[in-house]
Amino acid sequence: MLRVLVMVSGGGTNLQAIIDGVHSGDITNTELVGVISNNYDVYALERAANAGIEGCVVSPKDYTTREEFNKGLLAKVNSFKPDLIVLAGFLVVIPETMIDEYENRIINIHPSLIPSFCGTGYYGLKVHEAALDRGVKLTGATVHYVDKGTDTGPIIMQKAVEVQEGDTPKILQQRVMEEAEWKILPAAINKIANSL
């Protein structure tokens with residue numbers, strides 16, 4: 001049984017896709033052991049509670065230095081004893097000590113076809129704004145392992161999504177979530193859970 005810890009910053013739509021995947025049997029051999037948010041009062045924590053998953057907050061605002069926050073975050077992560085950490089819209093830089101400790105056991109979902117529109121500064125709507133500004137006809141999402149770079153780790157899965165006439169960043173973001181993110185993130189977790 002793969003022990004999965006999900007880390008979130010906001011509404012938790014990707015978290016919901018994972019929860020639904022476990023419940024429907026699309027993700028097998030997997031137990032969701034916890035959800036960590038870096039923000040209080042986010043809907044993702046409600047989603048966790050509704051699914052009977054322990055949720056907690058480790059916020060940089062509760063620590064005086066980044067170093068203390070990094071230590072607190074790692075201690076909380078370790079308390080869940082995860083086999084796999086899933087960054088599902090977690091908008092905090094992961095401390096290098098955590099990447100070392102969980103090498104090849106942290107995955108991230110990114111809303112573009114890496115290597116396009118990725119790296120520092122590319123998150124949320126900014127990714128979709130950049131794709132539309134560039135005029136690309138295809139975008140999509142990527143699940144990749146987390147290394148010490150930003151969106152530079154080995155790619156696990158990708159799915160393309162067509163850009164349509166009249167798309168706004170918000171419309172495109174929604175389509176990428178529905179057609180790519182919510183499909184390949186559960187699929188990647190299932191693949192990892194069943195390849196051990």
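The following dialogue goes through selected features of a predicted model and the criteria behind their names.

Visitor: What makes a feature count in this model?
Guide: The model is predicted, so local features need pLDDT of at least 70 and side-chain atom pairs count only at pLDDT 80 or more, while totals for chains, interfaces and linings use all residues. Residues are numbered from 1 along each chain as its sequence is written, and side-chain values use heavy atoms, with hydrogens and water left out.

Visitor: Why is α5 called roughly perpendicular to α6?
Guide: Helix α5 (residues 125–134) and helix α6 (residues 169–193) pack at an angle of about 110°, with axes 9 Å apart. That makes α5 roughly perpendicular to α6, because the class covers 65 to 115 degrees, with under 35 as roughly parallel, over 145 as roughly antiparallel and the rest as oblique. Axes here are lines fitted to C-alpha atoms, for helices over the stretch in contact, and angles run from 0 to 180 degrees between N-to-C directions. Helices are DSSP runs of H or I with at least four residues, strands are runs of E with at least two, and both are numbered from the N terminus.

Visitor: Which residues make the contact of α5 with α6?
Guide: Leu125, His128, Glu129 and Leu132 contribute from α5, and Pro169, Lys170, Leu172, Gln173 and Val176 from α6. Contact means heavy atoms within 4.5 Å. By class, there are 5 nonpolar, 2 polar and 2 charged residues. The classes take Ala, Val, Leu, Ile, Met, Phe, Trp, Tyr, Cys and Pro as nonpolar, Asp, Glu, Lys and Arg as charged, and the others, Gly among them, as polar.

Visitor: Why are the buried residues of α5 said to line one face of the helix?
Guide: Val127, His128, Ala130 and Ala131 are buried in α5. Buried means under 20% relative accessible area, exposed over 50%, and partly exposed in between (1.4 Å probe, protein chains only). Seen down the axis of α5, the buried residues fall within an arc of 160°, so they line one face. The arc is that of the directions from the helix axis to the C-beta atoms. These residues pack against β5 (106–110), β6 (138–145) and α6. Just after α5, Gly135 has a positive phi of about 80°.

Visitor: What puts the buried residues of α2 on the same side?
Guide: In helix α2 (residues 43–50), the buried residues are Ala44, Leu45, Arg47 and Ala48. They cover an arc of only 155° around the axis, which puts them on the same side of α2. Ala49 and Asn50, on the other side of α2, are exposed. The packing partners of the buried residues are β1 (2–8), α1 (13–24), β2 (30–37) and β3.

Visitor: Why does Ser59 count as buried?
Guide: Ser59 has 3% relative accessibility and therefore counts as buried. It is placed in the loop between β3 (55–57) and α3 (66–79). Apart from neighbours within four places in sequence, Ser59 is in contact with Asn38, Tyr40 and Phe69.

Visitor: Why does Phe117 count as buried?
Guide: Phe117 is at 15% relative accessibility, so it counts as buried. Phe117 is in the loop between β5 and α5, and its phi is near 50°, a positive value in a residue other than glycine. Pro115 lies in the loop between β5 and α5, and a cis peptide bond with omega of about 20° joins Ile114 and Pro115.

Visitor: How do you know that Ile192 is buried or exposed?
Guide: Ile192 has a relative accessible area of 10%, so it is buried. Ile192 is found in helix α6 and touches Leu2, Leu84, Ile107, Tyr145 and Ile156, not counting residues up to four places away in sequence.

Visitor: What makes a set of residues a nonpolar core?
Guide: The members must be buried Ala, Val, Leu, Ile, Met, Phe, Trp, Tyr or Cys residues joined through side-chain atoms within 4.5 Å. The largest such core has 34 residues, and those with the most contacts inside it are Val6, Val86, Ile107, Leu185 and Ile189. Its largest share, 9 residues, comes from α6. A second, separate core of 21 residues includes Leu5, Phe69, Val77 and Ile99.
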